[in-house]
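Please find below a colleague's note on the model under review. The points are numbered so that each may be checked separately.

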Amino acid sequence: MKLIELLGITGAVIFSSCATRPPASKSFLKDNIEFSQKQINKEIAVIEKSGKCLNPITLNENKTVYYGSYADWRSGFFPGSVWYLYQLTGDQSYLTLAEKYTNAIEKAKNLTWHHDVGFIIGCSFGNGYKVTNAQEYKNVIVEAAKSLSTRFRKAPGVIQSWNVEKGWQAERGWECPVIIDNMMNLELLFEASKLSGDSTFYKIAVSHANRTMAEHFRPDGSCYHVVDYNLKDGSVRHRQTAQGFSDSSAWSRGQAWAIYGFAVCYRETGNRAYLEQALKTFAFMKNHPCMPKDLIPFWDMDAPNIPNEPRDASSAACIASALYMISTFNVPDASSYKSYADRIMISLGTPAYRAELGTNGNFLLMHSVGSIPHNSEIDVPLNYADYYFLEALKRKKDLEIK
């Protein structure tokens, strides 16, 4: 399979402070799109040579690439990245590959034992449907929404995130844990409602968003990671964390999920309360005294050894993508959200975070964090950091290149 081999990178942008002006947008986009294409081409070559539909997730401790199964919550991000490469470049070979890698995880549409079917199917089949309008993709999206809806719990009015009968979740004593990450799965329900005409999906998404907005947030706009509900009366049992520093800390990727998730809810419903929540959580992060000058958050904004704590590029990429989306909404000073996103992207595009070609397991970005409390995926590349980086590039391009 022939892939376009593009010219080398012209050079990285070096930043020194938050006030650094963005480079010319076309050159920034061209540089980062070309790099992304060449780097992911190298991973595609590995996959195609294997004769399998390998799904790259992160790096193992021995620096080899970890490939996940269709049931891994991150399995939709690599197919989604290839869909974005197709949209960013117009290279038809990516269309063929995106279809191939997407179809390889179709079985995920039947997953009912975890909530991340929204991530899996939305990022792969969801992006594919936007490009192709394929009926079979539409059917997968609706079927996946049905699977996700089986996790809706009537008394608390939420979608349960994790099962609790075994594993480390069982050890926590939870009954119906809901994590802020679950806000990212609501987009699948909104899309399925539009595609099928079944308002049940929409109602479940709104119920979950409303309860999350009421229970997950602190007065300063930051959010808890986990809220555990009573399945009988719907009351809150605990407010805790699983991946953050402490129950009361601001786990950065959780804040990113909240900003992005509630921005989507506003886009799909027009409810200004959702937008206000997204903006309040963003303001919390933006104005946090520990936010680094390059705008790439520490893995937790309350981690004890700041500034000597790992950064999380995945949080930054997700926030940047969300801000490009928000900049298209009817909000005061909308362009300021794009400007902030541009500054994040400048940082991510420098050698401090963007890998050298052919290194980093052929992932785009370095320095992300999975879960420090679980001693898992610390300061490594993660495929969802790359996905949101590419999504942000596409949104930036759509805003600027008319």
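Predicted model: local features only at pLDDT ≥ 70, side-chain atom pairs only at ≥ 80, totals over all residues.

1. Helices H3 and H4. Helix H3 covers residues 92–103 and helix H4 covers residues 117–132; their axes come within 10 Å and cross at roughly 140 degrees. The two helices are therefore oblique to each other, since the roughly antiparallel class requires an angle over 145 degrees. The crossing of H3 past H4 is left-handed. On the H3 side the contact is made by Leu95, Glu99, Thr102 and Asn103, and on the H4 side by Ser124, Phe125, Val131 and Thr132.

2. Helices H7 and H8. For helix H7 (residues 186–196) and helix H8 (residues 199–215), the axes come within 7 Å and the crossing angle is roughly 155 degrees. With the limit for this class set at over 145 degrees, H7 and H8 are therefore roughly antiparallel to each other. Their crossing is left-handed. H7 contributes Leu186, Leu189, Phe190, Ala192, Ser193 and Ser196 to the contact, and among the H8 residues they meet are Phe201, Tyr202, Ile204 and Val206. The contact of H7 with H8 comprises 10 nonpolar, four polar and no charged residues.

3. Nonpolar core. The largest nonpolar core contains 115 residues, and Ile121, Ile344, Leu348 and Tyr388 have the most contacts inside it. Helix H11 (residues 313–326) gives the most to this core, namely 11 residues. Apart from neighbours within four places in sequence, Ile344 is in contact with Leu295, Ile296, Ala316, Ile319, Ala320 and Leu323.

4. Asn32. This residue lies in helix H1, which spans residues 25–50. Is Asn32 buried or exposed? Its relative accessible area is 0%, so Asn32 is buried. When residues up to four places away in sequence are not counted, Asn32 touches Gly349, Arg354, Phe389 and Leu393.

5. Asp116. The loop between H3 and H4 holds Asp116. Its relative accessibility is 8%, and Asp116 therefore counts as buried, the cut-off being under 20%. Asp116 and Ser161 are 45 residues apart along the chain, while their C-alpha atoms are separated by 8.0 Å.

6. Cis peptide bond. The bond from Ile306 to Pro307 is cis, and its omega is near 10 degrees. Pro307 belongs to the loop between helix H10 (272–286) and H11.

7. Positive phi at His367. Although His367 is not a glycine, its phi is positive, at about 65 degrees. His367 is placed in the loop between helix H12 (334–348) and strand E8 (368–371). A relative accessible area of 26% makes His367 partly exposed.

8. Positive phi at Glu377. Another residue other than glycine with a positive phi is Glu377, where the value is near 55 degrees. Glu377 is located in strand E9, residues 376–380. With a relative accessible area of 21%, Glu377 is partly exposed; the buried class would require a value under 20%.

Technical notes:
Residues numbered from 1 in each chain as written. Heavy atoms only, no water. Axes fitted to C-alpha atoms, helices over the stretch in contact; angles between N-to-C directions. Helix = DSSP H or I, 4+ residues; strand = E, 2+ residues; numbered from the N terminus. Parallel < 35°, antiparallel > 145°, perpendicular 65-115°, else oblique. Left-handed = near helix turned anticlockwise from the far one by under 90°. Contact = heavy atoms within 4.5 Å. Buried < 20%, exposed > 50% of the residue type's maximum accessible area, 1.4 Å probe, protein only. Core = buried A, V, L, I, M, F, W, Y, C linked by side-chain atoms within 4.5 Å. Nonpolar A, V, L, I, M, F, W, Y, C, P; charged D, E, K, R; others polar.
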